[in-house]
Amino acid sequence: MNPLSLRETRDTAAWDARLPASPQATVFSSTGFLQASGLPWRLFEVQDGARTVALLPVTEDETGLHALPPPHTPYLGPLCLHEPGLSQRQRTLDEFRIGELVAAELASRYRSVHLPLSWQFADVRPFLWHNYHAEGAPRYTATPRYTAVLPLTGLKLDNYLPRLRTLRRREWRKAASLALHDAVPMADFLRLYRLTFERQDIALTPAKLDAVRRITEAALQGGWGRLTGCSTPAGLASATLFLHDHARAYYLFGANDPAQRDSGAATRLMIENVLQAAAAGLSELDFVGANSPARGDFKLSFDAVLKPYFELSHVAG
């Protein structure tokens with residue numbers, strides 16, 4: 001068994017082409033999203049001899065001393081590339097070895113590391129056991145988080161609506177005649193997005209709004225995002241940005257007019273996006289986070305399943 005090593009790559013085309021082979025890969029690992037993130041980013045390959053066994057995207061602060069995820073990035077972490085036909089036992093061993101190397105390399109390269117893992121990377125032991133026998137040495141900590149995932153295979157309106165919470169079905173019927181829009185002007189979307197947070201007494205800074213705009217524009221231009229809306233006679237009531245990759249859709253941004261909260265537009269738009277993702281042949285829809293009471297309850301009301309994942313942190317001594 002060869003010792004694993006880490007090497008940097010700048011071949012972005014090869015990187016993106018490899019992502020579909022990894023169960024942990026998401027749209028947030030793609031070079032298009034990384035470029036839109038607004039932070040410096042680097043691409044690493046984990047090598048077993050001459051073979052690449054994992055990918056590791058890393059975003060840094062402006063100093064290059066700290067590894068941290070950009071805003072609106074729920075998952076990064078190692079992306080394993082298993083050989084076909086491996087047993088579950090061997091896959092577990094391979095992922096453990098990859099985790100050991102990544103834990104050590106990141107800890108040695110950066111003064112601090114904040115690494116959110118995919119919910120498909122379940123074994124955090126190699127990170128938690130880093131410096132296990134070195135008393136007083138800095139270690140990783142793992143914070144559990146949750147997202148909500150909806151399987152899409154075979155999903156259609158007639159078999160999906162009965163699975164929804166009664167309130168969601170009622171809102172769907174109420175909003176059935178509302179107008180849907182396949183494209184929403186950026187200014188209108190950002191206005192609703194700002195109003196959504198103002199209703200919660202959260203004032204978004206220009207930098208935060210710019211990050212939302214930058215990601216949305218990149219997704220639309222790159223063809224890996226949909227910005228859609230739902231209107232009442234009073235105007236645009238709800239807008240959402242969904243991203244997608246080879247396997248999943250991702251509910252990244254939602255924006256609603258507080259004055260039209262009772263219109264049912266948000267539920268109608270959500271269900272339409274679910275159905276569109278299913279019709280496109282995607283296998284799952286990730287609601288991207290279920291970590292606050294109201295937001296988590298809303299997402300789970302669409303028949304999604306909770307999935308735990310971990311955010312890892314390490315601070316050098």
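1. The second largest cavity has a volume of about 40 Å³. A cavity here is a set of points, on a 1 Å grid over the protein atoms alone, where a 1.4 Å probe fits but cannot get out; grid points are joined across faces, edges and corners, and the volume is the space filled by probe spheres set on the points.

2. The model is predicted: local features need pLDDT of at least 70 and side-chain atom pairs count only at pLDDT 80 or more, whereas totals for chains, interfaces and linings use all residues. Residues are numbered from 1 along each chain as its sequence is written, and side-chain values use heavy atoms, with hydrogens and water left out.

3. The lining of the second largest cavity (residues with an atom within 4 Å of a point) consists of P57, V58, T59, A67, L68, P69, L76, L106, H114 and L115. β3 and β6 (112–116) are the elements that give two or more residues to this lining, and β3 gives the most, with three. Strands are DSSP runs of E of at least two residues and helices runs of H or I of at least four, numbered from the N terminus.

4. By class, the lining of the second largest cavity has eight nonpolar, two polar and no charged residues. Ala, Val, Leu, Ile, Met, Phe, Trp, Tyr, Cys and Pro count as nonpolar, Asp, Glu, Lys and Arg as charged, and the others, Gly among them, as polar.

5. The largest cavity, of about 70 Å³, is lined by L4, D48, R51, V53, L81, H82, D94, R97 and I98. Its lining divides into four nonpolar, one polar and four charged residues. α3 gives the most to it, with three residues.

Methods: 1 Å grid on protein atoms, 1.4 Å probe; cavity = no way out; pocket = protein on both sides within 12 Å on 5 of 7 lines; lining within 4 Å.
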